[in-house]
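Please look through the sequence and the model before reading on. The account below goes from the whole chain to its separate parts.

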Amino acid sequence: HSEEWRNDMNEEMISIDRVLPNAPAGEWRDDVGEMAVAIRDCIRSVLGKIIEYKAQHRHLLDEDVAPTLQRFMPQDIVRNSVLPFLELPSHIFEVGDHEDENAFE
């Protein structure tokens, strides 16, 4: 899975590299420009993928790793010590339509 995730994120970065250089910046104070919108879209896309990968990672831990470890270790140790150690950081990412035009002033 990690190779698939890596390839997906590499494609995302290539897409970002194609979009941003051609997106015009705003020309006046009230015009955020296409570049700001493109940057927001890129951030939303990347964060959405991170959330998806994190859910897939958790599923792999629960479905594949835990049963294997429980053959060799007591279940309470696996659930309380080992699996929490293997989880991805518990950052909260929000991917929504939060359009605050004043965020960059």
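Predicted model: local features only at pLDDT ≥ 70, side-chain atom pairs only at ≥ 80, totals over all residues.

Residues are numbered from 1 along each chain as its sequence is written, and side-chain values use heavy atoms, with hydrogens and water left out.

The protein chain has 3 helices and 0 strands, where helices (H or I, at least four residues) and strands (E, at least two) are DSSP runs numbered from the N terminus. Along the sequence the pattern is therefore written α-α-α. Of the 105 residues in the protein chain, 19% are buried, where buried means under 20% relative accessible area, exposed means over 50%, and partly exposed lies in between, with a 1.4 Å probe and protein chains only. Among the contacts in the protein chain with a separation of 6 or more, 61% come from residues 24 or more positions apart, a contact being heavy atoms within 4.5 Å.

Helix α1 covers residues 2-19. Trp5, Glu12 and Ile16 are the buried residues of α1. They cover an arc of only 40 degrees around the axis, which puts them on the same side of α1, the arc being that of the directions from the helix axis to the C-beta atoms. On the other side of α1, Glu4, Glu11, Asp17 and Arg18 are exposed.

What covers the buried side of this helix? The cover over the buried residues of α1 includes α2. Two packed helices are described by the angle between their axes and the distance between the axes. Here the axes of α1 and α2 come within 11 Å and cross at roughly 180 degrees, which makes α1 roughly antiparallel to α2. Axes are lines fitted to C-alpha atoms, for helices over the stretch in contact, and angles run from 0 to 180 degrees between N-to-C directions; those under 35 degrees count as roughly parallel, over 145 as roughly antiparallel, 65 to 115 as roughly perpendicular and the rest as oblique. Residues of α1 that make the contact include Trp5, Met9, Met13 and Val19, and those of α2 include Ala38, Tyr53, His57 and Leu60.

Glu12, which lies in helix α1, is buried, with a relative accessible area of 13%. Apart from its neighbours within four places in sequence, Glu12 is in contact with Cys42, Ser45, Val46 and Lys49.

Ala36 and Pro24 are 12 residues apart in sequence, and their C-alpha atoms are 8.8 Å apart in space.

Helix α3 (residues 75-86) has 12 residues and reaches 15 Å from its first C-alpha to its last, close to the 16 Å expected at 1.5 Å a residue. Val78, Val82 and Leu83 of α3 are buried. They cover an arc of only 95 degrees around the axis, which puts them on the same side of α3, whereas Asn80 and Phe85 are exposed on the other side. The buried residues of α3 pack against α2 (33-70).

Terms used. Expected span 1.5 Å × (residues − 1).
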